[in-house]
Amino acid sequence: MTRGVVAAVDLGATSGRVMLGYVGDGMLRLEAVARFPNGPVAGADGLHWDFTALYRHILEGLAEAVRREPGIASVGIDSWAVDYGLVHGDELLGEPFHYRDDRAARGVEATHAVTPFEELYRRNGLQFLPFNTLYQYAVELRLADAEASLLIPDLVAFLLTGARAAERTNASTTGLVDVRTGEWDAELIARLGVPASVLPPLVDPGERLGALRGEARERVGAPLEVIAVGSHDTASAVVAVPLSTPNAAYISCGTWGLVGVELDEPVVTDEAREANFTNEGGVDGRVRFLHNVTGLWLLSESVRTWEAEDGAPIDLPGLLDAAASVTGDIALFDANDARLSAPGDMPARIAAVLDEAGAPVPATREAFARTIVESIAQAFADAVATAGRLTGREIDVVHIVGGGALNRLLCQATADRCGLPVLAGPVEATALGNVLVQARAHGWFGPGATLEDLRRAVAASVSLVRYEPRR
């Protein structure tokens, strides 16, 4: 294996980071260069991302990466899905809308009036989420003024290099890509009234997009090459899941919990549609057959409320340790309840959901945290069981990657409720998958390296924590 170093820009819904990835001689190592906050900001017309600040943080992080490692071979970018920026020339037409803004819900009825959801599912294979890109487009007033609509990682790559492209794994989440061909669905696009001219050419993970240009090059201090990776963060995370058996399930757990299995072909049956499972693009043409479950968002929003009440930070590890000691019956709620999707007083809203269901409302914060974690774990277990049933697989192990892999209480609760062993790690799976795809593009794993080769490298380099079910 050839030795080298690349940079990964990994953007999540609550934070972003720039990482250095060291590859070679049987070694994979990540080094955090910069971490920065990310989140919604309220504007006069709704909820947006502060993309201007986010891009500034990215440039600062890449500049620091170059200072530490002048020999960086390339940079890859991944982020959350569905959201986009509109550009005309080199100008961004306003800050991108946040997927939690309620405008997208207004686009659902208009879209389904033209193409019923049953037909959409057969065409794009996507579970119903009211913020999917095609619903946002239905209420987007600026499309006619745009030359291109670029999903967040593609937008960053455009500002860095000038290349207008749509990486396939993330493009698959727009609802406008044919689930079987992997190409833009021209007939659906025309029917929905989306200007085809704003949708850039599709590119595969591993394709070279170009070198940093102009101001970006000056601020970063090097003409770094940008390589497309699995730009949907879950696609990158799944690359780095060291799947231990052919029947393994995965959970990429952060703000969301993406629960599913990897397939070679999509499943677009009526049963899969009714179960609200999605078929999203994976690296090397694989299919990420999964269900979006509300993840640690429920806990982080609750902690945010409690910190505001206290005027002081919450010791989250201490809170979770106390939650693990809570005994007796644990009240559960539906983690996917739509009333829990927006920012705000999460404990009060969870209490209302519990009360409406006739379940007891926890009296202490540690009991509340336990209820949240167990409810997320139950949602995970339900999704794992459904994934197995819909694909005819007998799931025998569950891999948890991402930030949730550090939450011992959640990992154990998931093992208990699935009745299956859980293997936790790697934590920085998204950045690691980003790095691995770049490294393969440089030939560092040798000719013809497969996803399985990349995963073997992960398994040899990362220590996993095993949780056995206790019931």
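Leaving aside residues up to four places away in sequence, Asp154 touches Ala165, Ala166, Glu167 and Ser231. Please keep in mind that this is a predicted model. Asp154 sits in helix 5, which covers residues 152–161.

- Among the buried residues of helix 5 are Ile152, Leu155, Phe158 and Leu160.
- Asp154 is buried yet has no salt bridge; Arg168, the nearest side chain of opposite charge, is 11 Å away.
- Gly162 follows helix 5 and has a positive phi, near 90°.

**Arg168 and its partners**

- Arg168 does form salt bridges elsewhere: one is with Glu183, with the closest N and O atoms 3.3 Å apart.
- Glu183 lies in the loop between helix 6 (168–171) and helix 7 (186–191) and Arg168 in helix 6, so this pair ties together parts that are 15 residues apart in sequence.
- Arg168 also forms a salt bridge with Asp204, where the closest N and O atoms are 2.6 Å apart.
- That pair links distant parts of the chain, 36 residues apart, with Asp204 in the loop between strand 11 (202–203) and strand 12 (208–211).
- Arg168 is partly exposed at 23% relative accessibility, Glu183 is partly exposed at 37%, and Asp204 is partly exposed at 33%.

**Other salt bridges**

- The structure holds 39 salt bridges.
- Arg339 and Asp337 form a salt bridge through their side chains (2.7 Å, N to O); Arg339 is partly exposed at 40% relative accessibility, whereas Asp337 is buried at 14%.
- A network of salt bridges links Arg29, Glu31, Glu64, Arg67 and Arg68.

**Helix 14 against helix 15**

- Helix 14 (residues 365–391) packs with helix 15 (residues 408–418) at an angle of about 45°, and their axes are 8 Å apart.
- The two helices are therefore oblique to each other, and their crossing is right-handed.
- Residues of helix 14 that take part in the meeting include Val373, Ile376, Phe380 and Val384, and those of helix 15 include Leu409, Leu410 and Ala413.

**Val238 in helix 9**

- Val238 belongs to helix 9 (residues 233–239) and is buried, with a relative accessible area of 3%.
- Beyond its neighbours within four places in sequence, Val238 is in contact with Tyr250, Glu262, Arg288 and Arg455.
- The C-alpha atoms of Val238 and Ser325 are separated by 33 Å, and these residues are 87 residues apart along the chain.

How values were computed: Residues are numbered from 1 along each chain as its sequence is written. This is a predicted model: local features need pLDDT of at least 70, side-chain atom pairs count only at pLDDT 80 or more; totals for chains, interfaces and linings use all residues. Side-chain values use heavy atoms; hydrogens and water are left out. Helices (H or I, at least four residues) and strands (E, at least two) are DSSP runs, numbered from the N terminus. Buried means under 20% relative accessible area, exposed over 50%, partly exposed in between (1.4 Å probe, protein chains only). Lys and Arg count as positive and Asp and Glu as negative; His and the chain ends are not counted. A salt bridge is a side-chain nitrogen of Lys or Arg within 4 Å of a carboxyl oxygen of Asp or Glu. Contact means heavy atoms within 4.5 Å. Axes are lines fitted to C-alpha atoms, for helices over the stretch in contact, and angles run from 0 to 180 degrees between N-to-C directions. Angles under 35 degrees count as roughly parallel, over 145 as roughly antiparallel, 65 to 115 as roughly perpendicular and the rest as oblique. A crossing is left-handed if the near helix is turned anticlockwise from the far one by less than a right angle, and right-handed if clockwise.
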